[in-house]
Amino acid sequence: MENRITPDCITALHPGQIFVFGSNLQGFHGGGAARLALDKWDAVWGQGVGLQGSTYAIPTMQGGVETIRPYVDDFIRFAGNHPEMTFLVTEIGCGIAGFTPAQIAPLFAAALPVENICLPKRFWTVLIRRS
C-alpha cells in the first residue's frame, strides 16, 4: 500500500502516469482537479469519461454515489488492461461533487489487487478499515 498512495498535491506527471480526476458527463472541466487536468495534462473539453491525454475522467456529478459505480468499475477494468500505465486517483467526488471519502472509497474496493492503481491516503484508510 505504501507505494500506492496518490500524492496529496500533484504538480507533474512522470512518463506513463495518468491523472485520474472527477468530472461531469458533459466534460466541462471548469474547476478543481478537472481544471488542472485540462490545463496541464490534455484532458479534453467536452469529454467527461475515460482516457484523454495523460488523464482519465470519472464522472461524479450526475447523482448519488451509485451512479458513479459503473464508471469506477470501467476504470478499474481499463487500468487492469493497461499495466504499462500508473493511475494516480485523486479524491474524485470529494470536492465540488460534495461526497466524502467514506462514501467514495468503497467504490474502489476492486482496485486493491490492481497494482498500477494508486489511491488517496483517505481512500486507503476507509478501505483498510472495511477489510
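This is a predicted model: local features need pLDDT of at least 70, side-chain atom pairs count only at pLDDT 80 or more; totals for chains, interfaces and linings use all residues.
Local features need pLDDT of at least 70, side-chain atom pairs count only at pLDDT 80 or more, and totals for chains, interfaces and linings use all residues. Residues are numbered from 1 along each chain as its sequence is written, and side-chain values use heavy atoms, with hydrogens and water left out.

**Exercise 1.** Classify the ring pair of phenylalanine 19 and phenylalanine 21.

Solution. Rings of Phe, Tyr and Trp (its six-membered ring) pair if their centres lie within 6.5 Å; planes under 30 degrees apart are stacked, over 60 edge-to-face, and the rest tilted. The structure holds 9 aromatic pairs. For phenylalanine 19 and phenylalanine 21, the centres are 6.4 Å apart and the planes stand at 25°, so this pair is stacked.

**Exercise 2.** Decide whether isoleucine 92 is buried or exposed, and name residues it touches.

Solution. Buried means under 20% relative accessible area, exposed over 50%, and partly exposed in between (1.4 Å probe, protein chains only). Isoleucine 92 has 1% relative accessibility, so it is buried. Contact means heavy atoms within 4.5 Å. Not counting residues up to four places away in sequence, isoleucine 92 touches, among others, Phe21, Phe108 and Phe123. Of these, phenylalanine 21 is itself buried, at 0%.
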